[in-house]
Amino acid sequence: MNLRLGCSGIKEGTAAASISLSTAGVFAHEAKKLYAGGNMAYYTLPASILISLLIFVLLAKLIKRSGAGNLSELICQSADRPTGIVITLLLFFTLIFSAYSPLSQFLKALHGLFFQGASYSRILLYIMAPVLLICFLGFETIARTAKLFAVPLMIVFLSVIVSASSDFEVYRLFPTAGGGLKSILTQIFREVFTFLPAMISLLTVSDGLNGIDSAIRIGAASCLISAAVCAAAQLAVGLVFTYRQLNELFMPLFRINHLNKFEAHLMRMDKLANIVWLNGAVLSASFYLYSASRLFAGAFGLRDIRPAIAASVMLAALMLLFETETVDNTQFVRMSELVFRYGTVTAFPVLAAGILSAVRSERRKKCGNS
Amino acid sequence: MRIIESLKFDMPDERFELLERESGSIPHASANGEEFRNERVHGAESIGASIDETEQRLRVAFHTAINTDVIFRKFRSGSGCRVLLVYMNGMADDSIVSRFVIAPLMQSNERFAADIGGLLSKVIEIAETEVETDLRKVKASVMDGMTAVFIEGCCASVLVESRGFEKRSVSEAQNERIVQGPKESFTEALRTNITLLRRIVKTEDMIVEYGKVGRENKTRTALVYRAGFTDETLISEIKSRLARIKTDIAIGIGIIDQLIEDDSIFPIPRTLSTERPDRAASHLMNGSAVLLAEGSPFALVMPITLASLMNSPEDVYMRRPVGTLLRAVRYVGAAISVILPGYFIALAMYHQGLISTEVLSTIIKSREMVFEPLPFEMLLLLFVFQLIREAGMRVPGSIGQAIGVIGGLILGQAAVAANLASTVILIVVALSGLGNLCIPDYSTQVGTSYLRIAFVIAAWLGGLLGLATALMLFIAYMANVKSFGVPFLSPFAPKTFSRRPPFIRGRIGLRSKPADYNNTAEESALE
């Protein structure tokens, strides 16, 4: 078998998951949806992360109970092969969509702010080449590279927030609950989809994390870290811009210094920060795509993961090209909006499969004992 | 070929893992290291009872009709036994052979044809002897400087340690000079090098395992490690890699290094080649293994990490804050060396907004009359820097230094005056070159100096995005690489047990614990 999984420790796994969760929480958003009802993302996103953590822990316990090594095995054990394949494919496309989402934001940012003259496909080449190579090198490399990039990413993140702190105004945070409780709950539920793929990815590679108990610890630690990061980022953005401004802004964290300190010396840092954050998005996409390939390889019994990786990376690249290079992409955009809105429901079949698998395993144990 | 092999689908990943093995035993490892001897399986060549026949066979094998280096000395012992002595002129010490082998044999009244043990215990006055029945091994030992003693009627030979060839004395280290600390360096003599190590490592568990590498020239090697301390899987992996060497000629440790390394694509070495016995001993004490070879004034330390390549022995000889500062400067220098030329190209060509107006105008002004494009100019100057460095290395000491001065000052000034280069680029290249020279390991220096050219090209093609992509690929590849099973970037990633980042020098008293990534027996016991 050549699954390129390797073995990663708690710190490496936490770094990989935290970067994926934080990138999703800070960059992979539709501003119009997130700030429609007011400035409440700084508490709804951490709440969504905590719900994702609950689902993750539940699935992890089910994996442990059923005796499976990872999520792929859990799904395959749950029902007959076709059902397992259907659920796997659902997760496979979810993960590919999650890889596509932050990359799409960065692709647009790079095109709009750095290389206006270059075509999207040319910029995409620079983004997808490391994604493909890192996926090919395997999860161990993804986790170790994430560990190496975690500190620079955090330094850049904090320095950007600190440099913007002179523009913080508390009044901009209002309304904190514009749409009422219903809108808050809807947003929390909808945003679970932003974070769930990272947790699913973690469960997919749990056998490369020294077991499921270690994976649970990694999941908990990374959720806490990324909840803090997302809360800090959204709070900083909320303190600098009003929710009406945020509705119009593209990648507000990037603009946090750019708009208010146009003439200042620090404005030179924002492009660098964007490049550093791009590395986070590349790592996060690699993590999702590797996990998607792992699920695919598990469901179809592939002994070598690399063809699946090549296919997943190609699929993500095609989605990015379709969004950016086609003349009429309204259908695609509408479809991706739908996925964002109802993506959270993907958790249900996975949970059902997990419960079914655990029940089957219990029954088998009972039959064995009797 | 290796790239094509690695791209084949459905092939098992057979990379050796020391810390994290996915499953199963280490591939190709021999359990007891028998293969380290690397003998060709042709069967033994027995020694006949007649010394005349043996002499004839050896004369044919050594081509004595034209090769007069091999000395054949036939005589009768005191008891009347016919004795044949064979040794290589120049490799063996004549006085040792005369005083401690020929003289005692001639004076002895023992009849030892049937009792070879008697010859060793009562007659030959040399401590290191060996009885050998395979003529092939006898021939190899004679070539190596030993003396073979054949007795009429005895089907074995006694090999006597009589090596006494000319060798360079222990001198000062040339490539790894330090201000404080020992000055001596390894020599070309294997025995001397082992002695230099033993003088520092005074533990009874230090093992020296001899072997031969190369099918034709059979270079003598010595694998040094601490028995019961150094990871046994590491030792068997090294032995198995040495045993797998198929080449006919392996002269020197540099060739052996290439033959046992994981892959040759990566520009940064995966073993540490050091000429300093104290450095090799320090790694030995830390749980690494050291390989020495006859004729090589270098020791090969394995496994190593990037952090050990960046450390200099001087760090521990200096006081703690100074040692830490030196290390930090070295890391910054290495980063400048690799990134600065590419970063400058990216800013100057694509992201002028990131440069202040004053600096930008200085750059423009300095390049006003320069005819070639900016990236060409950078690549040209980097090439010139490599040229000066290479020329300085190849010529004798004082002339080499003069070339550095001429190249750096006169050539640089002339290039600016002739509008071949701009002052700003000259400063960038000089800074990058200085940073490169901060890297203590020579192979790493050379590897990174070529790497920065790749980064310049990446920045030329894609600005900061291209540079970031190239850096990402490089770091990811480094994170994937292993040195004899140990992750190359540990203790950074994976985070192994360490009290502090590797660029901070710790207190001497706290350094008694071996490096976690070496997976030593002490570490295993603690777990």
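Helices (H or I, at least four residues) and strands (E, at least two) are taken here as DSSP runs, numbered from the N terminus. The structure is a predicted model, in which local features need pLDDT of at least 70 and side-chain atom pairs count only at pLDDT 80 or more, while totals for chains, interfaces and linings use all residues. Residues are numbered from 1 along each chain as its sequence is written, and chains are lettered from A and ligands numbered from 1 in the order in which they are written.

H63(B) sits in the loop between α2 (51-62) and β1 (70-76) of chain B. Its phi is near 55 degrees, a positive value in a residue other than glycine. Burial is judged by counting C-beta atoms, placed from the backbone: a residue is buried if 20 or more others lie within 10 Å of its own, exposed if 12 or fewer, and partly exposed in between. H63(B) counts as exposed because it has 11 C-beta neighbours inside 10 Å.

M251(A) is not a glycine, yet it has a positive phi of about 50 degrees. This residue is placed in the loop between α10 (243-248) and α11 (252-258) of chain A. M251(A) has 21 C-beta neighbours inside 10 Å and therefore counts as buried.

Two cis peptide bonds deserve a look as well. In chain A, the bond from F174(A) to P175(A) is cis, with omega near 0 degrees, and P175(A) belongs to the loop between α7 (139-164) and α8 (180-204). In chain B, S490(B) and P491(B) are joined by a cis peptide bond whose omega is about 5 degrees. P491(B) is found in the loop between β12 (486-487) and α18 (521-526) of chain B.

Chain A as a whole has 15 helices and 0 strands. Its radius of gyration, taken over C-alpha atoms, is compared with a globule rule of 2.2 Å times the number of residues to the power 0.38. The value for chain A is 20 Å, close to the 21 Å that the rule gives for 370 residues, so the chain is as compact as a globular protein of that length. Along the principal axes, the C-alpha atoms of chain A fill a box of roughly 75 × 45 × 40 Å. Buried residues account for 54% of the 370 residues in this chain. Two residues are in contact if their C-beta atoms, placed from the backbone, lie within 7 Å. Among contacts in chain A between residues at least 6 apart in sequence, 83% link residues at least 24 apart.

Helix α3 (residues 41-66) has 26 residues and should span 38 Å, and its end C-alpha atoms are 37 Å apart, which agrees. Just after α3(A), G67(A) takes a positive phi of about 80 degrees. Helix α13 (residues 306-325) has 20 residues and should span 28 Å; its end C-alpha atoms are 27 Å apart, in agreement. Within α13(A), the buried residues are R306(A), A308(A), I309(A), S312(A), V313(A), A316(A), A317(A) and L320(A). They cover an arc of only 165 degrees around the axis, which puts them on the same side of α13(A). The arc is that of the directions from the helix axis to the C-beta atoms. On the other side of α13(A), L318(A) and E325(A) are exposed. The cover over the buried residues of α13(A) includes α5 (81-113), α6 (120-137) and α12 (269-300) of chain A.

In chain B, strand β9 (residues 289-293) is mostly covered, with 5 of its 5 residues buried. A289(B), L291(B) and A293(B) point one way from β9(B), V290(B) and L292(B) the other way. Strands count as paired if DSSP finds at least two bridges between them. β9(B) pairs in the antiparallel sense with strand β7 (residues 219-226) over 4 bridges, and L292(B) is the bridge partner of A222(B). β9(B) also pairs in the antiparallel sense with strand β10 (residues 299-302), over 4 bridges. The two form a hairpin with 5 residues between them, and G295(B) in the turn has a positive phi of about 90 degrees. L300(B), in β10(B), is the bridge partner of L291(B).

Definitions and conventions. The expected span of a helix is 1.5 Å times one less than its number of residues.
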